[in-house]
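Subject: Handover of a structure and notes on its contents

Dear colleague,

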Amino acid sequence: MPLALDPAIIGQEFDRTVEGPVTAEELIAFARALGETHPEYTEPGPGLVAHPTFCVRFRGGRFYPEILLKLIDVRSGFDAGKDIQLGEPIRPGDTIEVCSTVHEVYEKTGRTGSMIFVVIRYTLTNQRRETVAVVDNRFMHR
Amino acid sequence: MAVRRRFEDVQEGDELPVRSLFLSKDQVRAYARAGGQWSPRFTDDEGARREGLPGMITPGNMSMGLLASFLEAWAGPATLRRLGTTFRGLVLPDRTIRLCAAVTQKESASRSIELDVWLEGDEGERWVLGTATLALA
């Protein structure tokens with residue numbers, strides 16, 4: 001475990017925030033900004049659902065747990081990638097509960113030196129307790 | 001109603017038709033606004049340079065969104081089940097990018113396919129790499 005972190009941090013929930021309700025206008029603006037033309041994502045009405053990557057907008061109330069903030073300068077970081085697993089679609093009026101856990105912390109050494117990777121897992125649940133997405137956000141720090 | 005691509009019509013090794021598009025700064029700003037990422041690094045050249053960047057950059061989330069839309073333009077809406085990406089390089093706007101994918105595996109039981117996906121520049125440099133799962137009809 002890099003950074004002399006207690007391995008017990010892995011899997012621990014450090015934030016739970018409810019966001020929304022999501023509006024139709026937000027969903028449509030997001031999809032159109034990507035050049036989407038599918039009416040399921042761009043036309044108001046009962047069939048409107050979120051573009052599949054709308055889920056990456058939800059980041060909870062705290063970026064990292066306190067213990068990581070003491071060891072890492074968040075401003076030194078770059079978004080290194082994401083994995084999203086999609087569940088039920090997000091619809092207008094949904095409220096989304098974001099549960100944040102530290103999924104993984106690892107170190108890599110490249111040509112430019114050592115890098116720390118922090119993977120935060122966001123589990124997104126709607127008001128019907130259905131999982132809408134699991135998003136693993138991988139951040140890299142030099 | 002859009003048509004979903006049929007599982008039987010796809011073979012391992014198939015390459016999707018490449019989509020080329022000119023990514024303008026205004027498009028990136030529109031995404032930054034709609035995606036809740038209104039920050040100088042994504043909206044303003046000078047602000048981005050103050051952060052040590054060569055100019056404003058495209059959010060990784062937008063690259064991911066463009067890849068998702070590209071895949072669903074081919075397979076049909078609401079077919080994407082999973083998308084994993086690695087952001088390997090800075091995607092600078094005001095240039096042409098190419099969205100690409102190839103089928104790597106078919107899974108009969110779930111009628112789903114696995115793909116390699118990537119976003120590349122004009123000279124073939126791959127700035128975003130990933131894999132995806134699509135559920136077909």
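I begin with Gln127(A), which is partly exposed, with a relative accessible area of 38%. Please bear in mind throughout that this is a predicted model.

**The surroundings of Gln127(A)**

Gln127(A) sits in the loop that runs between strand E4 (113-125) and strand E5 (131-141) of chain A. Once its neighbours within four places in sequence are left aside, the residues in contact with Gln127(A) are Gly93(A), Asp94(A) and Thr95(A). Two of these contacts can be described in detail. With the side chain of Asp94(A), the side chain of Gln127(A) makes a polar contact of 3.0 Å. The side chain of Gln127(A) also reaches the backbone nitrogen of Thr95(A), at 3.1 Å.

Gln127(A) may also be compared in position with Glu97(A). The two residues are 30 residues apart along the chain, and 7.7 Å separates their C-alpha atoms.

**Salt bridges in chain A**

How many salt bridges does a search of the whole structure find? Over all chains, the search finds 17. One of them joins Glu97(A) to Arg129(A), with 3.4 Å between the closest N and O atoms. Glu97(A) belongs to strand E3 (residues 96-110) of chain A, whereas Arg129(A) lies in the loop between E4 and E5 of chain A, so the pair ties together parts that are 32 residues apart in sequence.

Are the two partners buried or exposed? Glu97(A) has a relative accessible area of 16% and is therefore buried, the cut-off for this class being under 20%. Arg129(A), by contrast, has a relative accessible area of 55%, which means that this residue is exposed. The pair also takes part in a network of salt bridges that links Glu13(A), Arg16(A), Glu97(A) and Arg129(A).

**Salt bridges in chain B**

In chain B, Asp45(B) and Lys25(B) form a salt bridge whose closest N and O atoms are 2.5 Å apart. This pair links distant parts of the chain: Asp45(B) is in helix H3 (residues 45-50) of chain B and Lys25(B) in helix H1 (residues 25-34) of chain B, 20 residues apart. Lys25(B) has a relative accessibility of 22% and so counts as partly exposed.

A further salt bridge, of 3.0 Å from N to O, brings together the side chains of Arg29(B) and Asp26(B). Both of these residues lie in helix H1 of chain B, where they are three residues apart, about one turn of the helix. Arg29(B) is partly exposed, at a relative accessible area of 24%, while Asp26(B) is exposed, at 57%.

**Where chain A meets chain B**

Next comes the interface. Chain A contributes 25 residues to the contact and chain B contributes 31 residues. The size of an interface is often given as the accessible area lost when the parts come together. Here, chain A and chain B bury about 2300 Å² between them, and 54% of that area is on carbon and sulfur atoms.

Which kinds of polar link cross this interface? Across the interface of chain A and chain B there are 13 residue pairs in polar contact, both residues being at pLDDT 80 or more, but zero salt bridges. On the side of chain A that touches chain B, the elements giving two or more residues are helix H1 (24-33), helix H2 (39-42) and strand E2 (77-86) of chain A. The largest share of that side, 10 residues, is supplied by E2(A). By type, the residues on that side of chain A comprise 11 nonpolar, six polar and eight charged.

E2(A) is also joined by five bridges to strand E2 (residues 80-87) of chain B, and the two strands run antiparallel. Within this pairing, Gly81(A) has Thr86(B) of E2(B) as its bridge partner.

**The position of Arg41(B)**

Arg41(B) counts as buried because its relative accessibility is 18%. Leaving aside its neighbours within four places in sequence, Arg41(B) is in contact with residues of both chains: Gly77(A) and Phe78(A), and also Ala48(B), Glu51(B), Leu53(B), Met56(B) and Ile57(B). With Glu51(B), the link is a polar contact of 2.8 Å between the side chains.

Yours sincerely,

A colleague

Key
Residues are numbered from 1 along each chain as its sequence is written. Chains are lettered from A and ligands numbered from 1 in the order in which they are written. This is a predicted model: local features need pLDDT of at least 70, side-chain atom pairs count only at pLDDT 80 or more; totals for chains, interfaces and linings use all residues. Side-chain values use heavy atoms; hydrogens and water are left out. Contact means heavy atoms within 4.5 Å. Buried area is the accessible area (1.4 Å probe) that two parts lose on being put together, summed over both. A salt bridge is a side-chain nitrogen of Lys or Arg within 4 Å of a carboxyl oxygen of Asp or Glu. A polar contact is a pair of N or O atoms within 3.5 Å; within protein, one must be able to donate a hydrogen and the other to accept it, and residues adjacent in sequence count only if both atoms are side-chain atoms. Helices (H or I, at least four residues) and strands (E, at least two) are DSSP runs, numbered from the N terminus. Ala, Val, Leu, Ile, Met, Phe, Trp, Tyr, Cys and Pro count as nonpolar, Asp, Glu, Lys and Arg as charged, and the others, Gly among them, as polar. Two strands pair if DSSP finds at least two bridges between them. Buried means under 20% relative accessible area, exposed over 50%, partly exposed in between (1.4 Å probe, protein chains only).
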